[in-house]
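These are my notebook entries on a structure I went through part by part. I wrote down what I looked up and what I found each time.

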Amino acid sequence: MLRVGIDIGGTFTDFIAWRLKDGRSQSVNLKVPSTPGNYAEGFISGLEQVLAQFGDVADEDLMIVHGTTISTNTVIERKADPIALLTTEGFRDVLNIQRLRLRKPTNLFEQRTPPLVPRELVFEVEERTLFDGSIRKPIDPEQVKACAREALARGATGFAIALYHSYRNDEHERIAREAVREVAGDVEISISSEIWPQVGEYERSMVAVLNAFVQPKMAGYLTQIEGYLAENLPKARLFITRSNGGAMSTEEARRFPVHTLLSGPASGVTATIDMSKRLGNIAQCLTFDMGGTSTDVSLIRNNQQMTSTTSEVGDFPVSMPVTDIEAIGAGGGSIITMDGPVLRVGPQSAGARPGPAAFGHGGTQPAVSDAYVLCGMIDPENFLGGRMKLDAAAAERAISPVAEAMNTDIRTSAEAALNVATSNMVARVMPYLARHGVDPEDVTLVTFGGAGSLHGPLLARELGIRKVVIPTTPSVFCASGGLVTRLVNDAVITVHGMELTAQLLKDGFAELQTRSADWLAQQVEAEQIVETNYDRFVEARYRGQSFQILIPVGDAVAEGDMEALRAAFHAEHQRLYSHSDPEGEVEVLQLRTRVLGALPAPVAEPIGRAADATQALTGSRNIRLEGGEHLAQVYDRARLSAGAILAGPAIVEQHDTTILVPIGFSCTVNAEGELELELEKE
Amino acid sequence: MDPVRTAVMGNRFSAIVEEASAIVHRTAHTTFVKLIQDYQCALATPEGEIFAYPTQSGVTVFVGMPLHTTLDRIGRENFEEGDIYIMNDPFYTDGLVTHMMDVTMLYPVFRDGELIAFGWSFVHASDIGGAVPGSISPEFKEFYQEGLRVRPIKLFRRGELNHDARNIFLDNSRIPDEMWGDFTAMISGMRSMDRRLNELCDRYGTNTVKQGMQDVIAFGEEKSRDIIRELPDGEFTFSDYVEAIEGDQHIHLCTTMRIKGDELELDFTGTDPQVAAAYNFIIGDRTHPYVTQALTYYLLTKDPNMPMNAGLLRPITTVAPRGTVVNAEPPAAMGSRVAAGTRLYDTLLGCLDQALNGGLMGAGAGMVGIIVCTARDRITGRRRVSTLNPIMGGGGGRNGVDGIDGADGRSGALRNIPTEIIEVETMIHMRSCTLVPDTQSPGMHRSGSSLLLEMENTDQEATFTVRGMDRFRFRPWGTRGGNPGRPCEVILNPGTEDERSIGKIKVLIMKKGEVLRIISPAGGGFGDPLERDPARVAADLRAEMLSPERARADYGVVLDTEGAVDMDATRALRDERRAAAAAPQGHFNFGPEREAYNAIWPQGMRALLATEVLKVPKSARRNVMDAAYASLGARGCAVDEAAIHAALDAACAAHDVPRARAA
């Protein structure tokens with residue numbers, strides 16, 4: 001068995017591969033530049049390089065789990081052929097009105113993001129289903145066909161259909177799809193009830209619109225890759241990662257590419273959960289994924305990811321359950337400037353191009369990565385294991401106007417910029433944790449991404465986080481999520497407005513069970529699945545409230561135990577909001593089941609033991625930290641073995657990233673090679 | 001101002017208040033806090049200047065709220081460690097509370113026995129007692145109808161809960177448990193701010209933290225001054241009206257903006273005396289963020305990275321005569337102050353539009369109606385009060401950009417409730433929720449569209465109230481050649497024999513099958529419609545938001561037989577129109593209704609009347625105002641200074657009060 005995780009980002013495409021053969025395991029990782037314009041090229045050349053390291057693999061079972069941003073980019077760049085939307089009579093402007101609210105009302109020149117479907121391609125279907133699923137006005141297929149013909153005449157190449165109350169009765173959407181199919185033939189037609197049948201017309205319509213919008217690009221990309229695999233690696237199975245942290249078959253991804261929209265950062269969370277389960281004793285983790293252009297955090301509690309149904313992509317809601325990721329700002333490319341008399345870092349970013357001045361791609365404005373170099377944290381001669389020489393002089397030139405304005409020296413200004421950057425992050429992380437009812441003192445920080453292991457420890461120090469864990473392969477950690485991810489699908493039944501009886505509860509969960517099992521069966525041959533789990537949830541609230549919470553429920557509830565359901569609700573409400581009302585009536589809005597099918601996956605292995613850190617010592621250098629110069633020992637991570645302990649301030653260099661052990665922290669190499677940084681008693 | 005300390009402390013302070021605001025939101029009980037987010041908490045210096053204010057949750061309108069007067073009156077020496085004061089008295093706090101529903105707390109933060117900051121927090125309490133559930137009705141004449149008024153008292157004394165203080169609030173609310181839940185949330189938020197500020201002192205030292213507070217305010221002030229300095233010097237006056245509940249005695253709101261160098265004065269002299277309706281509020285003598293809102297937004301628009309604190313308001317002074325709608329005295333009712341606040345926002349926009357070379361924007365729709373329906377609950381069968389939706393209108397056209405369809409800046413934070421959810425939860429069937437073609441007010445940059453809502457009652461009987469409706473009679477004004485917007489319209493049973501236009505809804509009882517259609521106002525256009533890029537006109541045509549007839553009539557755009565713009569014919573028609581047009585009069589285009597009103601009440605006369613009436617003893621002021629207004633209006637010709645004085649002399653004599661004349 002050979003399993004490969006592949007993650008395409010804006011700058012780099014990351015690969016990590018693991019093979020179990022004759023009882024021995026072997027793993028390889030690789031970073032290659034992404035190939036925007038034709039991402040498949042980078043995918044194929046990287047895959048070939050990785051597999052070459054395993055010798056002949058043509059006859060091996062190969063499982064590839066691939067994270068792609070094709071769909072995300074298509075939405076953000078709005079580059080797709082026009083599609084049409086069919087909506088219910090009376091509601092042509094559902095996409096224009098959105099939820100009424102403006103993103104930034106304090107901006108007098110605020111504008112709404114234009115809908116993905118222009119008004120001239122939105123058509124009203126003369127039909128109406130009611131809240132209980134009954135039909136007030138029957139649909140007329142001929143009228144639908146007339147709309148479809150007009151849409152085609154106006155240039156539509158695909159269709160989204162979202163009719164009111166279709167989450168309760170999907171009959172009209174199905175009739176409409178057939179009618180459109182007769183007129184338009186073989187084009188993409190997405191219907192809202194099939195993807196995520198929830199109440200709320202704007203969000204549900206957007207799910208169908210997003211799906212239809214990105215479908216052709218995703219299909220084209222998958223065809224290209226599958227073509228390559230069929231020809232060269234006939235035993236390969238390809239899976240695509242999705243926004244809920246799991247994966248799905250390519251067939252599924254082709255039909256429902258909407259599920260990939262937020263998959264990028266979700267994989268890092270999946271990889272973290274796999275690690276934190278093994279480490280044990282970590283009640284709450286905060287992931288810290290910092291790259292050149294973005295920094296994301298996400299909370300994990302009891303090895304469970306936080307799930308959000310209010311995420312967005314390109315200013316559009318993605319209302320299906322996805323891993324809750326909080327973007328807390330730019331990354332190593334954040335630009336350092338003077339804002340009048342005050343030092344500012346970001347929100348402008350040098351991005352991947354031109355990038356920080358030290359990268360030598362033409363950047364002249366100082367960025368956070370330049371400050372790392374100037375503070376001595378990154379060795380310009382040994383960046384990415386020496387594969388990329390950094391230009392420290394260029395970094396110095398770039399920051400000197402800032403130093404002058406501050407009336408100080410280069411190194412002091414560089415450290416000041418890092419302090420400001422860290423405080424920017426604090427200002428975003430603290431409220432994020434507060435919304436989840438968590439104190440920073442009580443979380444373990446897990447850092448990854450190119451700059452995560454350098455800046456994460458700085459952030460930990462500032463936030464009062466006492467423990468930081470650095471995975472073995474921080475810079476390809478999202479790709480490593482692909483090695484451990486499971487096949488995951490969410491299914492929902494909306495019961496909002498129905499009287500929930502024990503029978504309805506039981507029947508509902510039984511139906512969800514069937515749907516989930518069917519879904520899993522369609523993804524892969526049954527014998528490939530190592531283990532299957534079903535997680536069940538209800539979305540509920542106190543009657544009269546207008547906000548709801550998602551609570552995990554056990555088998556008893558699935559069997560129709562209403563009392564257990566209520567008890568679970570009161571308890572979760574108490575935990576989340578510090579109050580509950582055991583007398584209050586509980587109203588259930590949705591039943592949900594998440595199926596998780598595990599595939600063969602690597603198990604972390606001991607890296608060998610040789611307790612002394614000094615054998616990994618490569619030298620020392622002065623770094624600028626906490627207002628002073630400190631001599632830091634520099635270690636080579638590849639030579640650090642389990643049980644080694646070293647004390648901050650120290651630098652650990654790895655071929656693709658640099659790790660900082662701050663003052664006051666000790667660093668222990670654990671049995672599997674992760675670095676565990678802990679705050680010593682002060 | 002240290003460049004690094006200012007930046008780092010600014011971020012750390014902001015983290016503290018954002019976290020606290022998130023805690024209040026997460027742990028609060030009521031919908032007002034959870035969904036509408038009508039609450040906030042912030043940190044102020046011991047003097048009373050807010051140095052950190054959240055932006056990610058809660059309301060932004062109170063950024064820079066001055067605590068000084070309330071702290072002076074309580075006496076800072078009376079705050080002990082562990083104390084929390086609670087209050088909802090607008091008059092005693094001189095505007096720290098702008099209406100009684102905003103229950104407010106103050107919390108002293110101590111460091112090693114030294115008072116280093118104050119925590120401030122409020123929630124809009126869903127019910128503080130009074131004559132109606134929710135405590136608010138526009139028709140209330142005195143605050144006594146709006147619930148219980150409490151000046152600052154200690155809710156906690158050295159960490160001990162004062163049960164008496166708690167019970168005063170709870171015993172007078174229809175929902176005491178929820179109220180206490182919200183109070184506990186505020187307390188949690190403020191305790192979090194206390195803890196975090198002390199931790200910051202642990203990390204950086206108390207002096208750095210204290211100095212940081214002054215730095216960030218000074219930074220805010222400097223940025224604010226930089227923007228004001230860019231504005232041309234001068235004096236700009238603008239008047240607008242909140243429409244009367246009955247009759248035509250509309251409430252006059254008047255702002256004069258004086259800009260000199262990097263300072264700016266807002267003078268509300270000329271604004272009507274407080275009214276016997278719940279449209280009043282109070283701001284005291286210091287610059288109050290409730291009345292600077294449009295200006296604050298302008299500052300935040302010019303510099304989105306502006307620190308959120310009282311420094312923003314330092315270059316701004318205000319003059320707000322006591323006894324007017326904007327600085328009311330007892331027994332003024334204030335529950336529906338949002339109507340006056342919205343219109344005052346328009347007057348500031350009007351001033352800024354005059355001040356700025358090239359102008360700023362046309363008026364927004366200028367109303368936010370909250371539609372509330374009482375009918376049977378679909379599930380329980382009990383009668384239930386449901387908020388169906390807010391309804392706003394299209395935003396005004398702006399210098400460089402069109403207005404927003406169906407939504408407007410000042411109330412832009414409100415979300416709607418999905419049609420499907422309304423239908424699941426209530427007996428109302430939504431027939432339509434849509435934009436309305438040909439309602440985007442013409443301009444070089446046109447306004448946003450009106451919004452149409454059509455609701456059918458499926459219960460035996462349903463009662464509708466819509467509070468906050470306005471702009472039925474005076475259109476939102478256009479500017480710089482832009483057309484005025486479309487007024488609000490409410491129609492019962494459209495398309496049937498029973499169809500009738502019913503105007504502003506107070507209470508409407510609908511029978512089964514009856515249909516209510518509301519078409520919101522649209523803001524005013526910006527700039528001459530004949531200057532609008534024909535390509536943009538073509539885009540509106542293509543989107544079917546503009547008819548070919550209106551394209552020709554309003555924009556001078558001619559289409560060829562294919563429906564494309566005929567550029568030559570368009571140019572010719574536009575030239576012809578320009579030649580025929582009269583020279584524009586002034587910046588603003590108010591529309592015929594307001595022009596007719598202005599013909600009776602020329603520029604400055606309503607302000608003069610208001611100013612003169614304020615000199616009348618309080619006891620008779622309202623009666624004298626009503627009598628003088630009625631007699632002046634009845635003359636049927638333009639009011640002048642002499643007529644005002646004569647009318648006031650007569651009214652004072654009739655009410656047996658002396659009439660003080662200006663020297």
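**Domains of chain B.** I began with the domain assignment of chain B, which in this predicted model gives domain 1 (3-222), domain 2 (365-570) and domain 3 (601-654). I then looked up how far apart two of these sit, and found that the centres of domain 2 of chain B and domain 3 of chain B, taken over C-alpha atoms, are separated by 37 Å.

I checked the record next: UniProt lists "domain: Hydantoinase B/oxoprolinase", from an unreviewed entry, at residues 2-529 of chain B. Over residues 2-529 of chain B I noted 26% helix and 24% strand, with the end C-alpha atoms 50 Å apart.

**Helix pairs in chain B.** I looked at helix H7 (residues 289-302) of chain B against helix H8 (residues 338-355) of chain B, and the two pack at an angle of about 45 degrees with their axes 8 Å apart. H7(B) and H8(B) are therefore oblique to each other, and the crossing in which H7(B) passes H8(B) is right-handed. From H7(B) the contact takes Tyr290(B), Val291(B), Gln293(B), Ala294(B), Leu295(B) and Tyr298(B), while H8(B) supplies Gly341(B), Leu344(B), Tyr345(B), Leu348(B), Leu349(B) and Leu352(B).

On the H15(B) side the contact is made by Val624(B), Ala627(B), Ala628(B), Ser631(B) and Leu632(B), and on the H16(B) side the residues include Ala643(B), Ile644(B), Ala647(B), Leu648(B) and Cys652(B). The class division for the contact of H15(B) with H16(B) is twelve nonpolar, one polar and no charged.

Over residues 3-183 of chain A the chain is 29% helix and 28% strand, and the end C-alpha atoms are 44 Å apart. UniProt also places "domain: Hydantoinase A/oxoprolinase" (unreviewed entry) at residues 206-489 of chain A, and over those residues I noted 42% helix and 23% strand, with the end C-alpha atoms 19 Å apart.

**A helix pair in chain A.** I then examined helix H4 (residues 141-153) of chain A and helix H5 (residues 171-184) of chain A, which pack at an angle of about 50 degrees with their axes 8 Å apart. This makes H4(A) oblique to H5(A), and H4(A) passes H5(A) in a right-handed crossing. Pro141(A), Val144(A), Lys145(A), Ala148(A), Arg149(A) and Leu152(A) of H4(A) meet residues of H5(A), among them Ile175(A), Ala179(A), Glu182(A) and Val183(A). The contact of H4(A) with H5(A) has ten nonpolar, no polar and three charged residues.

**Between the chains.** My last entry concerns the two chains together: 56 residues of chain A are in contact with 63 residues of chain B. Two or more residues each on the chain A side come from helix H3 (94-97), helix H7 (201-232), strand E22 (342-349) and helix H12 (410-435) of chain A. Which element gives the largest share of the side of chain A that touches chain B? That share, eleven residues, comes from H12(A). By class I noted 26 nonpolar, 17 polar and 13 charged residues on the side of chain A that touches chain B.

Note on methods. Residues numbered from 1 in each chain as written. Chains lettered and ligands numbered in written order. Predicted model: local features only at pLDDT ≥ 70, side-chain atom pairs only at ≥ 80, totals over all residues. Contact = placed C-beta atoms within 7 Å. Helix = DSSP H or I, 4+ residues; strand = E, 2+ residues; numbered from the N terminus. Nonpolar A, V, L, I, M, F, W, Y, C, P; charged D, E, K, R; others polar. UniProt positions renumbered as here; feature names shortened; annotations may be inferred. Domains from an automatic or database assignment. Axes fitted to C-alpha atoms, helices over the stretch in contact; angles between N-to-C directions. Parallel < 35°, antiparallel > 145°, perpendicular 65-115°, else oblique. Left-handed = near helix turned anticlockwise from the far one by under 90°.
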